[in-house]
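Please open the structure in a viewer and display it as a cartoon.

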Amino acid sequence: MQIYQQKAEILRTEKFTGDIYRFSLKAPDIAAEARPGQFVMVRTGEGMDPLLRRPFSVHQVAEGGLVQILFKIVGRGTQLLSRMQSGKYLDVLGPLGQGFTNGENNQHFLVGGGIGIAPLLFLAKQLLKRNEPSAIKVLLGARTEDEIGILAEDFGSMGLEVLSATEDGSLGQKGLVTDLLVPINETRATVYGCGPYPMLRVVAGICHTKGWGCQVSLETIMACGLAACLGCTVLRSDLKGYVHVCKDGPVFNADEVAWL
Ligand SMILES: Cc1cc2nc3c(=O)[nH]c(=O)nc-3n(C[C@H](O)[C@H](O)[C@H](O)COP(=O)(O)OP(=O)(O)OC[C@H]3O[C@@H](n4cnc5c(N)ncnc54)[C@H](O)[C@@H]3O)c2cc1C
Ligand code: FES
């Protein structure tokens, strides 16, 4: 797979909540090549500060060479990025890593927690090419409605059933997204999970118990994104070695990694 470094113009910025933003970038080569679950490394400042690029999932691609990223401010890089205006250019490298694969099972559950929902819209579009909408369900979790309300509408407008859980009960069931997964009775299903590590560990456990396929997108600190720095390694499930999240992932079958 080809990797491109592009100066991508910011065509549109959207502010969801105080700290969550969606940017639409003109990056035709990356848009043409990207698959759901892959990511891009973005230089978030205008100069060399911060020195290292930051990884963001490809949130969506659209006609006209558009790539979207959805991000939350957590530190200096994302703070600087959030201040960028339309018309500015971002240095973007990608698409990188291994994305989601189409599960063999006849029911598909997309499970996203917080900003981890980012890659699932692209995945939903891909799955819809090969499956009826009724075969795909979206389970979203966050602290409050603000963080997921617009995304829930985006999935809904694709004809998909969306179940939500929020910690404060402002949207859907009060609680965690994993609470929505437990009562589901399907014999054959594939779960695609993306979110914080503790959430993914629970998702992996539920799928293991139910005998479902499970693909998870892992997040680690990444310095290079190109398997050159060893900064992103996680332990394999056989405890005999490591995988690079940037090159072997970020999407893994849940039984490939050790859930520590
Ligand atoms: C493959 C991949 C895809 C990602 N996709 C998205 C996305 O679509 N949207 C989004 O908002 N974020 C995403 N992230 C996380 C994002 O890369 C980090 O939030 C970002 O790099 C933080 O940069 P910063 O300079 O703002 O924060 P920093 O100042 O570098 O760090 C601030 C705090 O965040 C923690 N942190 C930094 N990077 C990560 C990380 N990767 N995982 C967990 N904690 C981290 C640091 O330990 C520190 O506590 C993704 C990460 C990976 C590895
Ligand atoms: S981020 Fe450098 S090896 Fe993965």
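## A guided tour of the model

Begin by selecting strand β13 (residues 213-217) together with β16: the two run antiparallel and are joined by 3 bridges. Within this pair, V216 has F252 of β16 as its bridge partner. Strands here are DSSP runs of E of at least two residues, helices are runs of H or I of at least four residues, and both are numbered from the N terminus. Two strands count as paired if DSSP finds at least two bridges between them.

The model is a predicted one, in which local features need pLDDT of at least 70 and side-chain atom pairs count only at pLDDT 80 or more, while totals for chains, interfaces and linings use all residues. Residues are numbered from 1 along each chain as its sequence is written, and chains are lettered from A and ligands numbered from 1 in the order in which they are written.

**Helix α3.** Select residues 120-128. Which residues of helix α3 are buried? They are L120, L121, F122, L123, A124 and L127. A residue is buried if 20 or more other C-beta atoms lie within 10 Å of its own, exposed if 12 or fewer, and partly exposed in between, with C-beta atoms placed from the backbone. The cover over the buried residues of α3 includes β5, β8, β9 (136-142), α4 (145-156) and β12.

**The antiparallel sheet.** Now select the open sheet of 7 strands with the order β4-β3-β7-β1-β2-β6-β5, where the pairing is antiparallel. Strands β4 and β5 stand at the edges with a single partner strand each, so one side of each has no neighbour in the sheet. From one strand to the next, the twist averages 35°. Strands β1 (residues 4-15) and β2 (residues 20-26) pair in the antiparallel sense over 6 bridges, and T13 has F23 in β2 as its bridge partner.

**Residue E46.** Select E46, in the loop between β3 (39-42) and β4. E46 is partly exposed because 13 other C-beta atoms lie within 10 Å. The C-alpha atoms of E46 and F109 are separated by 39 Å.

**Between the domains.** Of domain 1, 13 residues are in contact with 11 residues of domain 2, contact requiring C-beta atoms, placed from the backbone, within 7 Å. On the side of domain 1 that touches domain 2, β6 gives the most, with 3 residues.

**Ligand 1.** Finally, select ligand 1, which 22 residues surround, the closest being F71, G75, G77, T78 and A118. A residue is near the ligand if its C-beta atom, placed from the backbone, lies within 6 Å of it. Strand β4 (54-57), strand β6 and helix α2 (76-82) each give two or more residues to this shell.

Note on methods: Two residues are in contact if their C-beta atoms, placed from the backbone, lie within 7 Å. Axes are lines fitted to C-alpha atoms, for helices over the stretch in contact, and angles run from 0 to 180 degrees between N-to-C directions.
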